[in-house]
Amino acid sequence: MTKQEYTITVYTENQIGLLNRIAIIFSRRKINVESLNTSPSEVDSVHRFTIVINETEDVVRKLCRQIEKQVEVLKAYYNTNEEIVWQELALYKVPTDIIAEEVKVERLLSQFGAKAVVIRKDYTVFEVSGQRAETDAFIKVLEPYGLIEFVRSARVAIIKNSDGFHKKLKSFEYKEPGEEVVENEYLSENEKVFSM
Amino acid sequence: MDTLELTKEKKTKAVTESISGSEAVLRAFVAEGVDTIFGYPGGAIMPIYDALYDYHDKLTHILVRHEQGAIHAAQGFARVSGRTGVVFATSGPGATNLVTGLADAMIDSTPVVCITGQVFAHLLGTDAFQETDVINITTPVTKWNYQVTDANEIPHVLAKAFYIAGSGRPGPVLIDITKNAQLQLFDYKGYEKCEHIRSYRPKPIVRKEYIEQAAKLINEAERPFVIFGQGVILGKAEKEFQKFIEKAGVPAAWTIMGMSAIPTDHPLAVGMLGMHGNYGPNLLTNECDVLIAIGMRFDDRVTGRLDKYAKQAKVIHLDIDPAEIDKNVKTTVAVWGDCKETLPLLTELVQQKVYPQWLQKFKNCMEKEEEKCIKAEMNPTSDILTMGEVIDAINELTKGNAVIVTDVGQHQMVACRYAKYNQSKSNITSGGLGTMGYALPAAIGAKYGAPERTVIAIIGDGGIQMTIQELGTIMQFKPDVKIIILNNNFLGMVRQWQELFHKNRYSFVDIQSPDFVQVAKGYSIEGRSVCKREDVKSALAEMLDHKGSFLLEVMVGKENNVFPMVPQGRGVAEIVLSKEEV
């Protein structure tokens, strides 16, 4: 099995210390977290972690089960890049005078879908949201003109093939779990593995 | 009007009551059926200890000599009783001293609730006296932990703590309570046990289709083999398990943690798995066609080299923890669930069968093991005592009815190889973490968990010195614990490895011991030391007949080795029976 980029989406309760509990699942196994984002989710009171790692599917599946084992985790999913819509947001701070003189700002903005967030006499801050290649390419463009500061956010991702968490959460609320909660991918997968 | 208001006021008074956070902790204990606490007081937990002063009729507090002793005692209590063990410790060093026990309880799935005191909430993060970040220190070694800074949270949080510790795959829970929350008066609205947390699913729904698939595999098998772990004991499914193997006629071997779930002399019991387990179960793991793993987690000490483990077999794995399935060994059919529920369903679907030829193979292996290992251990030709003959004498005297608590090392392996058990929850040992110093405090806890049973701690000369201070606990509270030190004047297991794999370079394994009998006497505990074969049985009888605790030191061979052995990095079928084969 080869390593590739996987995006792990974790629905959780909003609890202090849970970030640490999830983070140490990776660090204990010496796995580098490429990107980690915490945010609200489509459901009020439910938190959503988006974690990107570069690993084999086997490892990612095991990690997800370890994550799901945490008391305050409702559900963990993992997806390849093809299965998600994802974006990152990057900010670039450049000297206004050079930019205004030497660069055709209009063209630049339209070409990279960039937006000027702040324009001051001394500096300008551009924003690009997109995938890694796009935000990286914009660095290359700006570098010759003196990129003062650069920062990129963690990945946020929407799972293409998901109905969201509203319905699922309802079944979690019941004392006896419904089929919705019980679904577990390895059992269904074994259907394929199983031969008699 | 006035009277109406008055009755209204009375009513509200009747439902709520102002109590302190500390009082709420103790009320929670009583509501959860706790009767014994192992603990050690200190500055940050003083309000709870103050409240405890008025609870002496409901709660027995055992003052240990070190917090590690408290948590191991709680573990021993839990393992022998099936109930949740409870611990009190103060902040800072009190709490950090719990860490080894938490790690041990985590890896061996032992239900323990630890309450630690913490500095006042306003001092958190200021490097206050005896402040330490207990929550973050204990996160990797707890099933759940939580810091309480407001007394209003206490009833609810404690209810959660007990529910989480004891349900599903059990484990340790730590609740850190700041001193202000312990002192704080709040409106107590009663205690309600927790039965549901929406993000926590301790009991999976049983999927019949997988049970059907598992049964089909078993029914078509020619050489099925059951390997089982502590899950059978934790699930209180010993009867269900026995019915299953008896109907299916399948030979069964235990992991060190699963030991005693069925009587050791059961006709289908073929022995122990693992590095120092029996020859047959290890060898034949690689000859069975269907491997049925029940409540066990394929620890590396059980599997040896994974790429040489049961590759020929279809694997059925019954476990309550989905994270265990496919973790180390790829399963053909996974039966996720509580084995108390899944086993009867499986038993219903399997055919009544016997496998005389297959069982004979295990017997043949046992004969070979008898010849090459056991004979020398049980009937040595020299005057030097072996650990095995001591265990054998214990078997004879206790008839397999004692709780045996072992420490970690050679004596542990020998005890687990040769001890006989008639009833479940009788083998208490640190299996996963391998914590030296576990046995003495765990035996104390075990005695409180099963006061009617004989509790024998078997400990090495190294391990006893790690928690020897708990003799003080025995002196003060007088739990009747029989302590056997199998003294070989070495850190025996490490020495064995140095002999076998490090060219006899005995690096710091030569450990000196005090006069253990004198030490025991200092703690007002009777003791005796023997080094001759003819004295062993009478000394053991004296120990068992003695009213109260007794320490018996048996001087055994310095350089005896434990065999068979699956050397590290080899497959289970490469198990060796003697030094020459290593």
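The legends below describe close-up views of a predicted model, in which local features need pLDDT of at least 70, side-chain atom pairs count only at pLDDT 80 or more, and totals for chains, interfaces and linings use all residues. Residues are numbered from 1 along each chain as its sequence is written, while chains are lettered from A and ligands numbered from 1 in the order in which they are written.

**View 1. The contact between chain A and chain B.** Chain A contributes 27 residues and chain B 29 residues, two residues being in contact if their C-beta atoms, placed from the backbone, lie within 7 Å. On the chain A side, at least two residues each come from α1 (18-28), α2 (57-69), β4 (73-80), α6 (166-173), α7 (179-182) and α8 (185-193); helices (H or I, at least four residues) and strands (E, at least two) are DSSP runs numbered from the N terminus. This side of chain A comprises 13 nonpolar, 5 polar and 9 charged residues, where Ala, Val, Leu, Ile, Met, Phe, Trp, Tyr, Cys and Pro count as nonpolar, Asp, Glu, Lys and Arg as charged, and the others, Gly among them, as polar.

**View 2. Domains 1 and 2 of chain B.** Chain B is divided into domain 1 (15-188), domain 2 (208-361) and domain 3 (385-559), with bounds that come from an automatic or database domain assignment. The C-alpha centres of domain 1 and domain 2 of chain B lie 37 Å apart, and 6 residues of domain 1 of chain B are in contact with 6 residues of domain 2 of chain B. On the domain 1 side, these residues divide into 1 nonpolar, 3 polar and 2 charged.

**View 3. The two domains of chain A.** Domain 1 of chain A takes in 4-84 + 157-184, and domain 2 of chain A covers 85-152; their C-alpha centres are 33 Å apart.
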